[in-house]
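Dear colleague,

Please find below the structure that I am handing over to you. My notes on it follow.

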Amino acid sequence: MKWWLSVLMAVVLAGCSSEAVRVGSKDTTESRILAEMFALLIEENGSQVKRMPGLGRTEVVYQALQEDSIDLYPEYSGTALAMMGAPRVTDPEEAWALARDSLADNQLLLLERLGFESNYVVLTRPAIASTHALESVASLTSTSTELRLGVTQSFAERPRDGLESFLDRFGLRFDGIDVFANADQEGLYNALLERQVDLIVGLSTDPEIVDYDLVALPDHTDFFPEYQAAALTSRQAVERSPEIVEALAPLAGKIDNELMQQLNAAVSLDGRPVNRVAHRALYDLGLLATPPRERVPVLDIAVETPTLGTEAGIETLRAVRKSLRGRDVGLQASVTPVQSLLQGNARLALAPAVAAFELQDGQVRRDDRLEAVAAVTSSFLHALTSSGSPVSLVDAERIATGPEGSASHTLGAVIAAVSPHEVALVPLANDSAQIAAEALRADAADVALVFAVPGRTDVAEALATGDFTLDDADAWWHSSARLMLPVMREARISADVYPGIDRVATLSTQLVLFGPAPPKRQVMGQQGPSAYFDENRALTDATVEAINRHLGWHAALDPHLQRAAALMPQVNLREDRINPYPGRAILLLVILAYLVWAGWLFVRPERGVAKK
(Lines give C-alpha, C1' and ligand atoms only; values in the text may rest on other atoms or scores of the structure.)
Protein backbone atom coordinates (compact mmCIF):
# COMPACT_ATOMS: atom_id res chain seq x y z
CA MET A 1 0.00 0.00 0.00
CA LYS A 2 2.86 2.37 0.86
CA TRP A 3 4.55 1.88 -2.53
CA TRP A 4 1.27 2.79 -4.31
CA LEU A 5 1.01 6.05 -2.35
CA SER A 6 4.65 6.82 -3.08
CA VAL A 7 4.11 6.41 -6.82
CA LEU A 8 0.97 8.58 -6.69
CA MET A 9 2.78 11.36 -4.81
CA ALA A 10 5.67 11.22 -7.28
CA VAL A 11 3.31 11.63 -10.22
CA VAL A 12 1.49 14.54 -8.57
CA LEU A 13 4.72 16.30 -7.63
CA ALA A 14 6.10 15.78 -11.14
CA GLY A 15 2.98 17.37 -12.61
CA CYS A 16 3.15 20.31 -10.22
CA SER A 17 6.85 20.91 -10.90
CA SER A 18 6.49 21.06 -14.70
CA GLU A 19 6.46 24.58 -16.09
CA ALA A 20 3.44 25.78 -18.01
CA VAL A 21 3.92 26.75 -21.65
CA ARG A 22 3.38 30.52 -21.94
CA VAL A 23 1.39 31.39 -25.04
CA GLY A 24 1.25 35.08 -25.93
CA SER A 25 -0.49 37.09 -28.63
CA LYS A 26 -0.66 40.54 -30.14
CA ASP A 27 -3.63 42.80 -29.42
CA THR A 28 -5.56 41.87 -32.57
CA THR A 29 -8.52 39.52 -32.92
CA GLU A 30 -6.71 37.23 -35.33
CA SER A 31 -3.65 36.88 -33.09
CA ARG A 32 -5.83 36.09 -30.06
CA ILE A 33 -7.71 33.37 -31.98
CA LEU A 34 -4.51 31.71 -33.23
CA ALA A 35 -2.89 31.90 -29.80
CA GLU A 36 -5.92 30.21 -28.25
CA MET A 37 -5.74 27.46 -30.86
CA PHE A 38 -2.08 26.93 -29.97
CA ALA A 39 -2.96 26.78 -26.27
CA LEU A 40 -5.76 24.26 -26.78
CA LEU A 41 -3.56 21.96 -28.85
CA ILE A 42 -0.76 22.07 -26.29
CA GLU A 43 -3.26 21.27 -23.52
CA GLU A 44 -4.65 18.43 -25.63
CA ASN A 45 -1.09 17.10 -25.80
CA GLY A 46 -1.02 16.87 -21.99
CA SER A 47 0.90 20.03 -21.04
CA GLN A 48 -0.10 22.95 -18.90
CA VAL A 49 -0.58 26.34 -20.53
CA LYS A 50 -0.42 29.89 -19.27
CA ARG A 51 -2.33 32.22 -21.58
CA MET A 52 -0.95 35.74 -22.05
CA PRO A 53 -3.19 37.34 -24.73
CA GLY A 54 -3.21 40.90 -26.00
CA LEU A 55 0.34 41.85 -24.97
CA GLY A 56 0.50 44.70 -27.47
CA ARG A 57 1.91 45.48 -30.89
CA THR A 58 4.47 43.35 -32.71
CA GLU A 59 7.59 44.91 -31.16
CA VAL A 60 6.32 44.26 -27.63
CA VAL A 61 5.47 40.59 -28.19
CA TYR A 62 8.65 39.94 -30.19
CA GLN A 63 10.73 41.44 -27.38
CA ALA A 64 8.88 39.32 -24.80
CA LEU A 65 9.83 36.18 -26.74
CA GLN A 66 13.47 37.21 -27.00
CA GLU A 67 13.60 37.92 -23.27
CA ASP A 68 12.02 34.52 -22.50
CA SER A 69 8.92 36.14 -20.97
CA ILE A 70 6.74 34.00 -23.27
CA ASP A 71 7.38 30.74 -25.12
CA LEU A 72 5.53 31.31 -28.41
CA TYR A 73 3.04 33.52 -30.25
CA PRO A 74 1.50 33.83 -33.77
CA GLU A 75 3.65 35.74 -36.25
CA TYR A 76 3.88 36.46 -39.99
CA SER A 77 6.84 36.03 -42.31
CA GLY A 78 6.57 39.50 -43.84
CA THR A 79 6.46 41.11 -40.41
CA ALA A 80 9.50 39.15 -39.29
CA LEU A 81 11.47 40.30 -42.35
CA ALA A 82 10.47 43.91 -41.73
CA MET A 83 11.52 43.74 -38.06
CA MET A 84 14.95 42.36 -38.98
CA GLY A 85 15.51 44.87 -41.77
CA ALA A 86 15.82 42.17 -44.41
CA PRO A 87 15.73 43.16 -48.11
CA ARG A 88 12.40 43.08 -49.91
CA VAL A 89 11.66 39.71 -51.52
CA THR A 90 8.69 39.24 -53.84
CA ASP A 91 8.76 35.45 -54.22
CA PRO A 92 6.69 33.92 -51.35
CA GLU A 93 8.81 30.77 -51.00
CA GLU A 94 12.05 32.69 -51.03
CA ALA A 95 10.65 35.18 -48.53
CA TRP A 96 9.56 32.39 -46.21
CA ALA A 97 12.96 30.72 -46.32
CA LEU A 98 14.71 34.03 -45.67
CA ALA A 99 12.44 34.80 -42.69
CA ARG A 100 12.94 31.32 -41.22
CA ASP A 101 16.74 31.43 -41.60
CA SER A 102 17.07 34.99 -40.32
CA LEU A 103 15.04 34.18 -37.21
CA ALA A 104 17.09 31.03 -36.62
CA ASP A 105 20.23 33.19 -36.51
CA ASN A 106 18.57 34.95 -33.56
CA GLN A 107 17.80 31.66 -31.77
CA LEU A 108 14.14 31.85 -32.79
CA LEU A 109 12.16 29.11 -34.57
CA LEU A 110 9.43 29.79 -37.11
CA LEU A 111 7.35 26.61 -37.13
CA GLU A 112 5.40 25.23 -40.11
CA ARG A 113 3.09 27.57 -42.00
CA LEU A 114 -0.56 27.49 -40.95
CA GLY A 115 -1.78 27.83 -44.54
CA PHE A 116 -2.98 31.43 -44.96
CA GLU A 117 -1.59 34.92 -45.58
CA SER A 118 -2.81 38.01 -43.76
CA ASN A 119 -1.64 40.71 -46.16
CA TYR A 120 -2.09 44.45 -45.96
CA VAL A 121 -4.65 45.74 -48.45
CA VAL A 122 -5.99 49.20 -49.32
CA LEU A 123 -9.78 49.26 -49.11
CA THR A 124 -12.49 51.72 -50.09
CA ARG A 125 -16.22 51.96 -50.67
CA PRO A 126 -17.56 51.07 -54.14
CA ALA A 127 -18.85 54.64 -54.64
CA ILE A 128 -15.42 56.13 -53.95
CA ALA A 129 -13.71 53.69 -56.31
CA SER A 130 -16.21 54.53 -59.05
CA THR A 131 -16.19 58.31 -58.54
CA HIS A 132 -12.39 58.61 -58.52
CA ALA A 133 -11.71 55.82 -61.05
CA LEU A 134 -9.57 53.89 -58.58
CA GLU A 135 -8.32 50.64 -60.12
CA SER A 136 -5.12 50.09 -58.13
CA VAL A 137 -3.01 51.64 -55.39
CA ALA A 138 -0.97 53.42 -58.04
CA SER A 139 -4.11 55.21 -59.31
CA LEU A 140 -4.29 57.07 -55.98
CA THR A 141 -1.43 59.35 -57.03
CA SER A 142 -3.74 61.63 -59.02
CA THR A 143 -6.52 61.93 -56.44
CA SER A 144 -5.09 61.27 -52.96
CA THR A 145 -5.15 64.95 -51.95
CA GLU A 146 -8.98 64.83 -52.10
CA LEU A 147 -9.28 61.75 -49.89
CA ARG A 148 -8.84 60.87 -46.21
CA LEU A 149 -6.99 57.73 -45.08
CA GLY A 150 -7.51 55.58 -41.98
CA VAL A 151 -4.85 53.20 -40.60
CA THR A 152 -4.10 51.29 -37.41
CA GLN A 153 -1.42 52.44 -35.01
CA SER A 154 0.60 49.30 -35.78
CA PHE A 155 0.68 50.11 -39.49
CA ALA A 156 1.49 53.76 -38.79
CA GLU A 157 4.52 52.78 -36.69
CA ARG A 158 6.05 50.15 -39.02
CA PRO A 159 9.31 51.62 -40.39
CA ARG A 160 9.77 49.53 -43.55
CA ASP A 161 6.32 48.37 -44.67
CA GLY A 162 4.14 50.88 -42.83
CA LEU A 163 2.52 54.27 -43.37
CA GLU A 164 5.58 56.43 -43.98
CA SER A 165 7.14 54.01 -46.45
CA PHE A 166 3.75 53.52 -48.13
CA LEU A 167 3.31 57.27 -48.67
CA ASP A 168 6.87 57.70 -49.91
CA ARG A 169 6.74 54.70 -52.25
CA PHE A 170 3.68 55.96 -54.14
CA GLY A 171 4.16 59.70 -53.61
CA LEU A 172 0.81 60.07 -51.82
CA ARG A 173 -0.40 63.11 -49.90
CA PHE A 174 -3.84 62.66 -48.38
CA ASP A 175 -6.27 65.33 -47.21
CA GLY A 176 -5.99 63.80 -43.73
CA ILE A 177 -4.88 60.61 -41.98
CA ASP A 178 -6.69 59.12 -38.97
CA VAL A 179 -4.85 56.60 -36.79
CA PHE A 180 -6.87 53.99 -34.84
CA ALA A 181 -5.78 51.78 -31.96
CA ASN A 182 -4.84 48.25 -33.03
CA ALA A 183 -7.68 46.77 -30.98
CA ASP A 184 -10.21 49.18 -32.54
CA GLN A 185 -10.71 47.38 -35.83
CA GLU A 186 -14.45 48.08 -35.58
CA GLY A 187 -13.73 51.80 -35.32
CA LEU A 188 -11.47 51.67 -38.39
CA TYR A 189 -14.17 50.08 -40.54
CA ASN A 190 -16.94 52.21 -39.03
CA ALA A 191 -15.00 55.31 -40.05
CA LEU A 192 -14.88 54.05 -43.65
CA LEU A 193 -18.54 53.01 -43.80
CA GLU A 194 -19.74 56.20 -42.08
CA ARG A 195 -17.72 58.36 -44.54
CA GLN A 196 -15.33 59.78 -41.95
CA VAL A 197 -12.48 58.47 -44.11
CA ASP A 198 -12.42 57.42 -47.76
CA LEU A 199 -9.80 54.66 -47.67
CA ILE A 200 -8.29 52.41 -45.03
CA VAL A 201 -5.42 49.96 -44.86
CA GLY A 202 -6.85 46.68 -43.60
CA LEU A 203 -5.86 43.02 -43.70
CA SER A 204 -6.90 40.51 -46.34
CA THR A 205 -8.42 38.24 -43.66
CA ASP A 206 -10.66 40.97 -42.23
CA PRO A 207 -14.27 39.72 -42.47
CA GLU A 208 -15.67 43.20 -43.14
CA ILE A 209 -14.25 43.13 -46.67
CA VAL A 210 -16.73 40.49 -47.83
CA ASP A 211 -19.62 41.38 -45.54
CA TYR A 212 -19.60 45.07 -46.44
CA ASP A 213 -18.73 44.59 -50.13
CA LEU A 214 -15.62 46.75 -49.96
CA VAL A 215 -13.30 47.31 -52.92
CA ALA A 216 -9.69 46.16 -52.50
CA LEU A 217 -7.21 48.13 -54.61
CA PRO A 218 -4.54 45.77 -55.99
CA ASP A 219 -0.85 46.65 -55.60
CA HIS A 220 0.99 45.74 -58.79
CA THR A 221 4.30 46.99 -57.39
CA ASP A 222 4.52 44.33 -54.64
CA PHE A 223 5.15 46.99 -52.00
CA PHE A 224 3.66 44.77 -49.30
CA PRO A 225 5.45 41.44 -48.78
CA GLU A 226 3.69 38.12 -48.20
CA TYR A 227 2.57 37.76 -44.58
CA GLN A 228 2.41 33.97 -44.10
CA ALA A 229 1.19 32.96 -40.66
CA ALA A 230 3.02 30.54 -38.35
CA ALA A 231 3.86 30.01 -34.70
CA LEU A 232 7.09 31.69 -33.59
CA THR A 233 8.98 30.20 -30.64
CA SER A 234 12.56 30.14 -29.33
CA ARG A 235 15.19 27.44 -29.05
CA GLN A 236 15.22 27.96 -25.30
CA ALA A 237 11.45 27.38 -25.08
CA VAL A 238 11.62 24.24 -27.24
CA GLU A 239 14.48 22.81 -25.16
CA ARG A 240 12.42 23.41 -22.04
CA SER A 241 9.10 22.27 -23.56
CA PRO A 242 9.73 20.10 -26.64
CA GLU A 243 6.00 19.25 -26.78
CA ILE A 244 5.38 22.67 -28.40
CA VAL A 245 6.57 21.46 -31.82
CA GLU A 246 4.78 18.13 -31.56
CA ALA A 247 1.47 19.66 -30.42
CA LEU A 248 1.33 22.31 -33.18
CA ALA A 249 2.49 20.08 -36.06
CA PRO A 250 -1.06 18.85 -36.95
CA LEU A 251 -2.20 22.46 -37.50
CA ALA A 252 0.27 23.05 -40.34
CA GLY A 253 -1.48 23.93 -43.59
CA LYS A 254 -4.96 23.50 -42.09
CA ILE A 255 -6.13 27.16 -42.02
CA ASP A 256 -6.83 28.85 -45.35
CA ASN A 257 -7.77 32.49 -45.89
CA GLU A 258 -11.50 31.78 -46.03
CA LEU A 259 -11.48 29.90 -42.73
CA MET A 260 -9.45 32.62 -41.02
CA GLN A 261 -11.92 35.22 -42.27
CA GLN A 262 -14.79 33.19 -40.83
CA LEU A 263 -13.06 32.86 -37.44
CA ASN A 264 -12.35 36.60 -37.33
CA ALA A 265 -15.99 37.29 -38.20
CA ALA A 266 -17.25 35.04 -35.42
CA VAL A 267 -15.32 37.07 -32.83
CA SER A 268 -15.21 40.64 -34.17
CA LEU A 269 -18.61 40.75 -35.89
CA ASP A 270 -20.73 38.20 -34.01
CA GLY A 271 -19.20 38.84 -30.59
CA ARG A 272 -18.53 35.19 -29.78
CA PRO A 273 -15.85 34.28 -27.19
CA VAL A 274 -12.36 33.63 -28.56
CA ASN A 275 -12.04 30.34 -26.67
CA ARG A 276 -15.22 28.87 -28.15
CA VAL A 277 -14.42 30.02 -31.66
CA ALA A 278 -10.93 28.48 -31.50
CA HIS A 279 -12.28 25.28 -29.89
CA ARG A 280 -14.97 24.90 -32.55
CA ALA A 281 -12.45 25.41 -35.36
CA LEU A 282 -10.07 22.77 -34.00
CA TYR A 283 -12.94 20.34 -33.49
CA ASP A 284 -14.19 20.87 -37.05
CA LEU A 285 -10.63 20.28 -38.31
CA GLY A 286 -10.53 16.99 -36.42
CA LEU A 287 -7.76 18.14 -34.07
CA LEU A 288 -9.82 18.08 -30.87
CA ALA A 289 -11.94 15.13 -29.76
CA THR A 290 -14.74 17.00 -27.99
CA PRO A 291 -16.85 19.89 -29.33
CA PRO A 292 -17.20 23.13 -27.34
CA ARG A 293 -20.18 23.48 -25.05
CA GLU A 294 -22.04 26.09 -26.97
CA ARG A 295 -25.00 26.75 -29.17
CA VAL A 296 -24.53 29.57 -31.65
CA PRO A 297 -27.94 31.10 -32.44
CA VAL A 298 -28.22 31.99 -36.13
CA LEU A 299 -30.12 35.09 -37.18
CA ASP A 300 -30.71 35.63 -40.90
CA ILE A 301 -31.99 38.89 -42.34
CA ALA A 302 -33.81 38.19 -45.61
CA VAL A 303 -33.13 40.79 -48.34
CA GLU A 304 -33.63 40.94 -52.07
CA THR A 305 -30.49 39.88 -53.96
CA PRO A 306 -29.87 43.35 -55.47
CA THR A 307 -29.83 44.80 -51.92
CA LEU A 308 -26.80 42.70 -50.95
CA GLY A 309 -23.75 44.95 -50.79
CA THR A 310 -25.74 48.19 -50.84
CA GLU A 311 -25.33 50.79 -48.10
CA ALA A 312 -28.84 50.08 -46.82
CA GLY A 313 -28.10 46.37 -46.47
CA ILE A 314 -24.76 47.00 -44.81
CA GLU A 315 -26.17 49.54 -42.34
CA THR A 316 -28.93 47.12 -41.35
CA LEU A 317 -26.49 44.24 -40.92
CA ARG A 318 -24.18 46.33 -38.73
CA ALA A 319 -27.01 47.66 -36.56
CA VAL A 320 -28.45 44.19 -35.89
CA ARG A 321 -25.01 42.73 -35.19
CA LYS A 322 -24.22 45.45 -32.67
CA SER A 323 -27.59 44.91 -31.00
CA LEU A 324 -27.29 41.11 -30.78
CA ARG A 325 -23.71 40.37 -29.80
CA GLY A 326 -23.02 36.64 -29.63
CA ARG A 327 -25.43 35.83 -32.46
CA ASP A 328 -24.36 34.66 -35.91
CA VAL A 329 -26.04 37.42 -37.94
CA GLY A 330 -25.97 37.51 -41.74
CA LEU A 331 -27.89 38.58 -44.84
CA GLN A 332 -29.90 35.94 -46.69
CA ALA A 333 -30.76 36.51 -50.35
CA SER A 334 -34.48 36.05 -51.02
CA VAL A 335 -36.85 36.85 -53.88
CA THR A 336 -39.55 37.75 -51.34
CA PRO A 337 -37.95 38.69 -47.99
CA VAL A 338 -41.22 39.12 -46.11
CA GLN A 339 -42.44 35.69 -47.19
CA SER A 340 -39.13 34.17 -46.06
CA LEU A 341 -39.75 35.72 -42.65
CA LEU A 342 -43.35 34.51 -42.41
CA GLN A 343 -42.36 30.99 -43.49
CA GLY A 344 -39.71 30.83 -40.75
CA ASN A 345 -36.77 30.75 -43.18
CA ALA A 346 -35.41 34.04 -41.84
CA ARG A 347 -35.56 35.89 -38.53
CA LEU A 348 -35.94 39.40 -39.95
CA ALA A 349 -36.69 40.89 -43.36
CA LEU A 350 -35.61 44.10 -45.07
CA ALA A 351 -38.23 45.19 -47.62
CA PRO A 352 -40.21 48.22 -48.80
CA ALA A 353 -43.15 49.08 -46.55
CA VAL A 354 -45.59 48.09 -49.30
CA ALA A 355 -44.55 44.45 -48.81
CA ALA A 356 -46.45 44.44 -45.52
CA PHE A 357 -49.77 44.86 -47.39
CA GLU A 358 -51.78 42.70 -49.79
CA LEU A 359 -54.79 43.19 -52.02
CA GLN A 360 -57.78 41.02 -51.05
CA ASP A 361 -61.30 41.35 -52.51
CA GLY A 362 -60.50 44.78 -53.89
CA GLN A 363 -59.23 46.04 -50.51
CA VAL A 364 -55.65 46.58 -49.36
CA ARG A 365 -55.11 44.89 -46.00
CA ARG A 366 -52.12 45.03 -43.70
CA ASP A 367 -50.51 41.73 -42.73
CA ASP A 368 -50.57 41.86 -38.93
CA ARG A 369 -48.25 38.88 -38.67
CA LEU A 370 -45.48 41.45 -39.23
CA GLU A 371 -44.26 44.28 -37.07
CA ALA A 372 -42.01 47.09 -38.25
CA VAL A 373 -38.78 47.29 -36.25
CA ALA A 374 -37.01 50.23 -37.92
CA ALA A 375 -37.11 52.47 -40.99
CA VAL A 376 -33.68 52.21 -42.61
CA THR A 377 -33.99 54.55 -45.60
CA SER A 378 -36.29 55.27 -48.58
CA SER A 379 -36.95 52.94 -51.49
CA PHE A 380 -38.02 54.57 -54.77
CA LEU A 381 -40.30 53.18 -57.44
CA HIS A 382 -38.57 52.86 -60.81
CA ALA A 383 -41.12 52.36 -63.59
CA LEU A 384 -38.94 51.18 -66.49
CA THR A 385 -40.23 51.35 -70.04
CA SER A 386 -38.68 51.20 -73.49
CA SER A 387 -37.04 54.49 -74.48
CA GLY A 388 -37.87 53.84 -78.15
CA SER A 389 -41.62 53.52 -77.60
CA PRO A 390 -42.32 54.47 -73.97
CA VAL A 391 -45.62 53.45 -72.39
CA SER A 392 -47.08 55.25 -69.37
CA LEU A 393 -48.43 53.31 -66.42
CA VAL A 394 -51.80 54.88 -67.15
CA ASP A 395 -51.91 53.19 -70.56
CA ALA A 396 -49.96 50.02 -69.78
CA GLU A 397 -51.81 46.79 -70.43
CA ARG A 398 -49.00 44.49 -69.23
CA ILE A 399 -47.03 45.39 -66.09
CA ALA A 400 -44.02 43.34 -65.06
CA THR A 401 -43.45 43.07 -61.31
CA GLY A 402 -41.47 41.05 -58.85
CA PRO A 403 -42.81 37.66 -57.73
CA GLU A 404 -46.05 37.40 -55.79
CA GLY A 405 -45.53 38.64 -52.26
CA SER A 406 -43.03 41.30 -53.30
CA ALA A 407 -43.61 45.04 -52.86
CA SER A 408 -43.68 45.72 -56.60
CA HIS A 409 -46.27 42.97 -57.16
CA THR A 410 -48.55 44.46 -54.48
CA LEU A 411 -48.24 47.91 -56.06
CA GLY A 412 -48.89 46.44 -59.52
CA ALA A 413 -52.03 44.74 -58.22
CA VAL A 414 -53.32 48.05 -56.86
CA ILE A 415 -52.60 49.81 -60.17
CA ALA A 416 -54.45 47.06 -62.06
CA ALA A 417 -57.41 47.26 -59.65
CA VAL A 418 -57.96 51.01 -60.21
CA SER A 419 -57.13 51.08 -63.92
CA PRO A 420 -60.06 51.88 -66.25
CA HIS A 421 -58.92 49.15 -68.64
CA GLU A 422 -57.80 45.55 -68.32
CA VAL A 423 -54.27 45.19 -66.96
CA ALA A 424 -52.32 41.92 -66.87
CA LEU A 425 -49.58 41.47 -64.27
CA VAL A 426 -46.42 39.63 -65.31
CA PRO A 427 -44.64 38.32 -62.19
CA LEU A 428 -40.91 37.88 -62.77
CA ALA A 429 -38.38 35.61 -61.09
CA ASN A 430 -37.06 38.38 -58.85
CA ASP A 431 -37.07 42.14 -58.30
CA SER A 432 -33.82 42.96 -60.10
CA ALA A 433 -33.61 45.49 -62.91
CA GLN A 434 -31.79 42.98 -65.14
CA ILE A 435 -34.76 40.61 -65.11
CA ALA A 436 -37.12 43.54 -65.70
CA ALA A 437 -35.01 44.70 -68.65
CA GLU A 438 -35.10 41.22 -70.18
CA ALA A 439 -38.89 41.17 -69.94
CA LEU A 440 -39.14 44.55 -71.68
CA ARG A 441 -36.72 43.51 -74.43
CA ALA A 442 -38.73 40.34 -75.02
CA ASP A 443 -41.91 42.45 -75.30
CA ALA A 444 -43.42 40.50 -72.40
CA ALA A 445 -44.49 43.74 -70.70
CA ASP A 446 -45.06 47.42 -71.41
CA VAL A 447 -43.75 48.70 -68.06
CA ALA A 448 -41.68 47.02 -65.33
CA LEU A 449 -41.84 48.07 -61.66
CA VAL A 450 -38.68 47.95 -59.56
CA PHE A 451 -38.27 49.24 -55.99
CA ALA A 452 -34.70 50.39 -55.34
CA VAL A 453 -32.62 53.00 -53.58
CA PRO A 454 -31.74 55.62 -56.25
CA GLY A 455 -28.51 54.74 -58.02
CA ARG A 456 -28.60 51.02 -57.22
CA THR A 457 -26.13 49.23 -59.48
CA ASP A 458 -28.56 46.98 -61.37
CA VAL A 459 -30.91 49.88 -62.17
CA ALA A 460 -28.04 52.13 -63.23
CA GLU A 461 -26.66 49.43 -65.54
CA ALA A 462 -30.06 48.86 -67.16
CA LEU A 463 -30.58 52.58 -67.80
CA ALA A 464 -27.00 53.07 -68.98
CA THR A 465 -27.72 50.93 -72.07
CA GLY A 466 -30.01 53.68 -73.38
CA ASP A 467 -32.71 51.13 -74.17
CA PHE A 468 -34.91 52.19 -71.26
CA THR A 469 -36.23 55.27 -69.50
CA LEU A 470 -38.33 55.98 -66.40
CA ASP A 471 -42.05 56.77 -66.49
CA ASP A 472 -43.35 59.79 -64.61
CA ALA A 473 -45.77 58.93 -61.79
CA ASP A 474 -47.73 62.19 -61.86
CA ALA A 475 -50.08 60.88 -64.51
CA TRP A 476 -51.62 58.09 -62.45
CA TRP A 477 -50.86 58.48 -58.74
CA HIS A 478 -53.63 61.02 -58.15
CA SER A 479 -56.24 58.31 -58.71
CA SER A 480 -57.80 56.15 -56.02
CA ALA A 481 -54.53 54.15 -55.84
CA ARG A 482 -53.24 56.90 -53.59
CA LEU A 483 -55.93 56.16 -51.01
CA MET A 484 -55.40 52.40 -51.15
CA LEU A 485 -51.66 52.55 -50.36
CA PRO A 486 -51.06 55.45 -47.95
CA VAL A 487 -47.50 54.24 -47.21
CA MET A 488 -46.50 55.49 -50.66
CA ARG A 489 -45.52 59.13 -50.98
CA GLU A 490 -44.58 61.48 -53.80
CA ALA A 491 -40.87 61.78 -54.56
CA ARG A 492 -38.42 62.79 -57.26
CA ILE A 493 -35.29 61.16 -58.66
CA SER A 494 -32.69 63.85 -59.34
CA ALA A 495 -31.31 64.33 -62.83
CA ASP A 496 -27.74 63.52 -61.75
CA VAL A 497 -28.57 60.03 -60.43
CA TYR A 498 -28.81 58.30 -63.82
CA PRO A 499 -26.90 59.91 -66.73
CA GLY A 500 -29.23 60.79 -69.59
CA ILE A 501 -32.36 60.57 -67.42
CA ASP A 502 -34.00 63.89 -66.56
CA ARG A 503 -35.53 64.59 -63.19
CA VAL A 504 -38.38 62.11 -62.74
CA ALA A 505 -41.46 62.40 -60.55
CA THR A 506 -42.10 59.07 -58.89
CA LEU A 507 -43.09 57.48 -55.57
CA SER A 508 -41.10 56.38 -52.56
CA THR A 509 -41.80 54.32 -49.48
CA GLN A 510 -39.79 53.41 -46.44
CA LEU A 511 -37.31 50.54 -46.61
CA VAL A 512 -38.28 48.77 -43.40
CA LEU A 513 -36.73 46.12 -41.19
CA PHE A 514 -39.59 43.76 -40.34
CA GLY A 515 -39.83 41.16 -37.60
CA PRO A 516 -42.54 38.71 -36.56
CA ALA A 517 -45.38 40.23 -34.56
CA PRO A 518 -46.27 38.63 -31.22
CA PRO A 519 -49.20 36.19 -31.51
CA LYS A 520 -52.68 37.33 -30.60
CA ARG A 521 -53.12 34.28 -28.42
CA GLN A 522 -51.11 32.33 -25.90
CA VAL A 523 -49.18 29.47 -27.49
CA MET A 524 -48.17 26.47 -25.40
CA GLY A 525 -44.65 25.35 -26.26
CA GLN A 526 -41.84 23.44 -24.68
CA GLN A 527 -41.05 26.33 -22.38
CA GLY A 528 -44.59 27.05 -21.18
CA PRO A 529 -47.11 29.68 -22.29
CA SER A 530 -46.01 32.08 -25.02
CA ALA A 531 -43.11 29.80 -25.97
CA TYR A 532 -43.27 29.17 -29.68
CA PHE A 533 -42.07 25.90 -31.10
CA ASP A 534 -42.52 26.44 -34.84
CA GLU A 535 -42.87 30.23 -34.82
CA ASN A 536 -40.33 33.04 -34.69
CA ARG A 537 -40.48 35.13 -31.56
CA ALA A 538 -40.97 38.88 -31.72
CA LEU A 539 -37.86 40.88 -30.86
CA THR A 540 -37.62 42.15 -27.31
CA ASP A 541 -38.14 45.84 -26.60
CA ALA A 542 -34.48 46.20 -25.64
CA THR A 543 -33.35 44.72 -28.97
CA VAL A 544 -35.70 46.94 -31.00
CA GLU A 545 -34.45 50.01 -29.17
CA ALA A 546 -30.82 48.95 -29.68
CA ILE A 547 -31.29 48.43 -33.43
CA ASN A 548 -32.80 51.87 -33.83
CA ARG A 549 -30.02 53.40 -31.75
CA HIS A 550 -27.26 51.73 -33.80
CA LEU A 551 -28.85 52.77 -37.09
CA GLY A 552 -28.12 56.37 -36.18
CA TRP A 553 -30.34 59.10 -37.52
CA HIS A 554 -33.36 57.83 -39.44
CA ALA A 555 -37.03 58.70 -39.86
CA ALA A 556 -39.73 57.36 -37.59
CA LEU A 557 -41.84 54.54 -38.95
CA ASP A 558 -44.89 55.30 -41.04
CA PRO A 559 -47.98 55.31 -38.75
CA HIS A 560 -49.84 53.00 -41.14
CA LEU A 561 -47.42 50.18 -40.29
CA GLN A 562 -47.85 47.91 -37.30
CA ARG A 563 -44.93 49.08 -35.18
CA ALA A 564 -43.07 47.10 -32.53
CA ALA A 565 -44.29 47.79 -29.01
CA ALA A 566 -41.04 49.54 -28.06
CA LEU A 567 -41.69 52.14 -30.79
CA MET A 568 -45.25 52.94 -29.79
CA PRO A 569 -45.78 56.28 -27.99
CA GLN A 570 -46.14 55.97 -24.24
CA VAL A 571 -49.39 57.54 -23.03
CA ASN A 572 -49.34 59.11 -19.58
CA LEU A 573 -52.83 60.44 -18.81
CA ARG A 574 -53.08 63.10 -16.14
CA GLU A 575 -56.46 63.83 -14.61
CA ASP A 576 -57.60 67.37 -13.79
CA ARG A 577 -59.00 66.42 -10.41
CA ILE A 578 -57.07 67.79 -7.45
CA ASN A 579 -56.91 64.32 -5.99
CA PRO A 580 -57.47 61.52 -8.51
CA TYR A 581 -56.95 58.87 -5.80
CA PRO A 582 -59.50 59.47 -2.97
CA GLY A 583 -58.69 56.13 -1.32
CA ARG A 584 -55.13 57.24 -0.72
CA ALA A 585 -56.35 60.53 0.76
CA ILE A 586 -58.58 58.71 3.27
CA LEU A 587 -55.68 56.47 4.30
CA LEU A 588 -53.45 59.49 4.83
CA LEU A 589 -56.11 61.12 7.00
CA VAL A 590 -56.38 57.99 9.16
CA ILE A 591 -52.60 57.87 9.57
CA LEU A 592 -52.49 61.56 10.44
CA ALA A 593 -55.26 61.13 13.02
CA TYR A 594 -53.38 58.23 14.60
CA LEU A 595 -50.21 60.29 14.87
CA VAL A 596 -52.09 63.17 16.51
CA TRP A 597 -53.70 60.80 19.03
CA ALA A 598 -50.35 59.14 19.80
CA GLY A 599 -48.75 62.54 20.33
CA TRP A 600 -51.54 63.63 22.67
CA LEU A 601 -51.07 60.47 24.77
CA PHE A 602 -47.38 61.28 25.07
CA VAL A 603 -47.79 64.90 26.28
CA ARG A 604 -51.03 64.70 28.33
CA PRO A 605 -50.69 65.47 32.14
CA GLU A 606 -50.69 62.54 34.58
CA ARG A 607 -53.85 62.01 36.64
CA GLY A 608 -53.76 61.93 40.49
CA VAL A 609 -53.34 58.57 42.22
CA ALA A 610 -56.61 57.30 43.72
CA LYS A 611 -56.79 57.12 47.54
CA LYS A 612 -57.22 53.79 49.19
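In what order do the five strands of the open sheet lie? The order is β7-β6-β8-β5-β9, with mixed pairing. Strands (E, at least two residues) and helices (H or I, at least four) are DSSP runs numbered from the N terminus, and two strands pair if DSSP finds at least two bridges between them. The edge strands, β7 (176-180) and β9 (215-217), each pair on one side only. From one strand to the next, the twist averages 35 degrees.

This is a predicted model, in which local features need pLDDT of at least 70 and side-chain atom pairs count only at pLDDT 80 or more, while totals for chains, interfaces and linings use all residues. Residues are numbered from 1 along each chain as its sequence is written, and side-chain values use heavy atoms, with hydrogens and water left out.

Within the sheet, β5 (residues 120-124) and β8 (residues 199-203) pair in the antiparallel sense over five bridges. Val-121 has Gly-202 in β8 as its bridge partner.

Gln-185 belongs to helix α9. Gln-185 is buried, at a relative accessible area of 18%; buried means under 20%, exposed over 50% and partly exposed in between (1.4 Å probe, protein chains only). Beyond its neighbours within four places in sequence, Gln-185 is in contact with Asp-206, Pro-207, Glu-208 and Ser-268, contact meaning heavy atoms within 4.5 Å.

Elsewhere, helix α21 (residues 541-550) has the buried residues Thr-543, Val-544, Ala-546, Ile-547 and Asn-548. These pack against α15 (311-323), β16 (370-386) and β22 (504-516).

Yours sincerely

Terms used. Axes fitted to C-alpha atoms, helices over the stretch in contact; angles between N-to-C directions.
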